[in-house]
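Please look over the sequence and the model shown below. The paragraphs after them lead through the structure step by step.

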Amino acid sequence: MSGGPPGSGKGTQSPIIKDEYCLCHLATGDMLRAAVAAKTPLGVKAKEAMDKGELVSDDLVIGIIDEAIKKPSCQKGFILDGFPRTVAQAEKLDEMLEKRGAKLDKVLNFKIDDAILEERITGRWIHPSSGRSYHSKFAPPKVPGVDDVTGEPLIQRKDDTAAVLKSRLEAFHQQTEPVIEYYTKGGLVVNLHAEKPPKEVTAEVQKSLSS
Ligand code: AP5
Ligand code: ZN
Ligand code: ZN
C-alpha cells in the first residue's frame, strides 16, 4: 500500500507500479469522487466530509475496499492508495486479508515536508475517469487542460484549495500518521524521499519492491 500526505505523489506513482506488476490500483479517493459525481447513496454520504477535507467514516471506506478486493481482476494482487487512513481501518484490513489468506507485502511511506505540498495541490489537474494526475508546472499535459491518453478535458479537484489543504493535512497528522507507526511495528514500512522529482521517486519505489 502507499501512504503519505495530500500531494505527496501516491496517485502519480501507483499507476506506474500497477502496470509494471499487473496489479489493481485501488484508490479510495478516486472511488469516492466517482460516487460523488454519480450521486450514489455512498457519494451523497461522503461528499460533505470530502469537501471540508475531513476523513469519511471508517465504515464507508472499509465497505468500498471489501467490495473491491473481491473483484476477479484484483485476485493477482492490488495496490492500495490512500487506504488505510486510520488505525481502525488498518486493523479491519488485517482481518479482511487474513480471511482471504493474503497479506500486505510492503507499506510505501511517501515522506515529504508539508511546506512543499501547497504548490503541488493547487497546480494539479486530473482526468476524473482514469484518476491520472497532471501538474501545470511539474507534469504538464501535452495540451493544457486535455488528457494525453483520451483527449478528454481535465478538471481541478474541489478540495484542491490552500484552505481545504490545511484541514486535509491536519487529518493526515492526527489520524493517518499513527497508521505508519502501526506498520512500522510489523516491519513493513519503506520510507521514500517523496520531495524528489517523479522519476527519482519511481526508481525508489521500484528498488523497494524488488528487494
Ligand atoms: P485522496 O484522493 O486520497 O486525497 P489525498 O490523500 O489528499 O491525496 P492526493 O490525491 O491529494 O495526493 P497524491 O499523493 O495522490 O498526489 P498526486 O500523485 O496526485 O482523498 C480525498 C478525500 O477522500 C479525503 O480528504 C477524504 O475525505 C476521502 N478519503 C479517501 N480515502 C479515505 C479513507 N481511507 N478514509 C477516509 N476518508 C478517505 O500528486 C499531486 C500533484 O503533484 C500532481 O499535480 C502531480 O502531478 C504532482 N507531483 C506528483 N509527484 C511529484 C513530484 N515528485 N515532483 C513534483 N510534482 C509531483
Ligand atoms: Zn491521490
Ligand atoms: Zn505529523
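## A walk through the model

Just after helix H3, Gly53 has a positive phi of about 80°. This is a predicted model, in which local features need pLDDT of at least 70 and side-chain atom pairs count only at pLDDT 80 or more, while totals for chains, interfaces and linings use all residues. Residues are numbered from 1 along each chain as its sequence is written, chains are lettered from A and ligands numbered from 1 in the order in which they are written, and side-chain values use heavy atoms, with hydrogens and water left out. Helices (H or I, at least four residues) and strands (E, at least two) are DSSP runs, numbered from the N terminus.

H3 itself spans residues 41–52, and within this helix Gly43, Ala46, Ala49 and Met50 are buried. Buried means under 20% relative accessible area, exposed means over 50%, and partly exposed lies in between (1.4 Å probe, protein chains only). What do the buried residues of H3 pack against? They pack against helix H2 (28–37) and helix H4 (58–68). Contact here means heavy atoms within 4.5 Å.

Next come the nonpolar cores. A nonpolar core is a set of buried Ala, Val, Leu, Ile, Met, Phe, Trp, Tyr and Cys residues joined through side-chain atoms within 4.5 Å. In soluble globular proteins, nonpolar side chains tend to be buried together. The largest nonpolar core has 26 residues, and those that touch the most other members are Val56, Leu80, Phe83, Leu93, Leu104 and Tyr183. Strand E2 (24–27), H3, H4, helix H5 (87–99) and H7 are the elements that give two or more residues to this core. With six residues, H4 gives the most to this core. Apart from its neighbours within four places in sequence, Leu80 is in contact with Met1, Ser2, Leu26, Ile65, Leu93 and Leu104. There is also a second, separate core of 14 residues, which includes Ile17, Ile79, Ile112 and Leu169.

On a 1 Å grid over the protein atoms alone, a cavity is a set of points where a 1.4 Å probe fits but cannot get out, and a pocket is an open set with protein on both sides within 12 Å along at least five of seven lines; lining residues have an atom within 4 Å of a point. Grid points are joined across faces, edges and corners, and a volume is the space filled by probe spheres set on the points. The second largest pocket has a volume of about 500 Å³. It is lined by 21 residues, of which Leu23, Gly77, Phe78, Lys103 and Asp105 are the closest to its centre. Helix H1 (10–21) and strand E3 (78–81) each supply at least two residues of this lining, and the largest share, three residues, comes from E3.

How many cavities of 30 Å³ or more does a search of the whole structure find? The search finds one. The largest cavity holds about 30 Å³ of space, and its lining consists of Ile16, Ile17, Glu20, Tyr21, Thr202, Val205, Gln206 and Leu209. H1 and helix H8 (198–210) are the elements that give two or more residues to the lining of this cavity.

The zinc ion (ligand 3) is coordinated by His173 (ND1), Glu177 (OE) and Glu177 (OE), at 2.2 to 2.7 Å. Donors are N, O and S atoms within 2.8 Å of the metal (3.2 Å for Na, K and Ca); water is not among the atoms, so sites may look incomplete. Both His173 and Glu177 lie in helix H7 (residues 162–185), four residues apart, about one turn of the helix. His173 is partly exposed at 33% relative accessible area, and Glu177 is partly exposed at 32%.

Some backbone angles remain. Most residues other than glycine have a negative phi, and most peptide bonds are trans. Cys22, in the loop between H1 and E2, has a positive phi near 55°. Lys39, in the loop between H2 and H3, has a positive phi near 50°. The peptide bond from Phe83 to Pro84 is cis, with omega near -5°, and Pro84 lies in the loop between E3 and H5.
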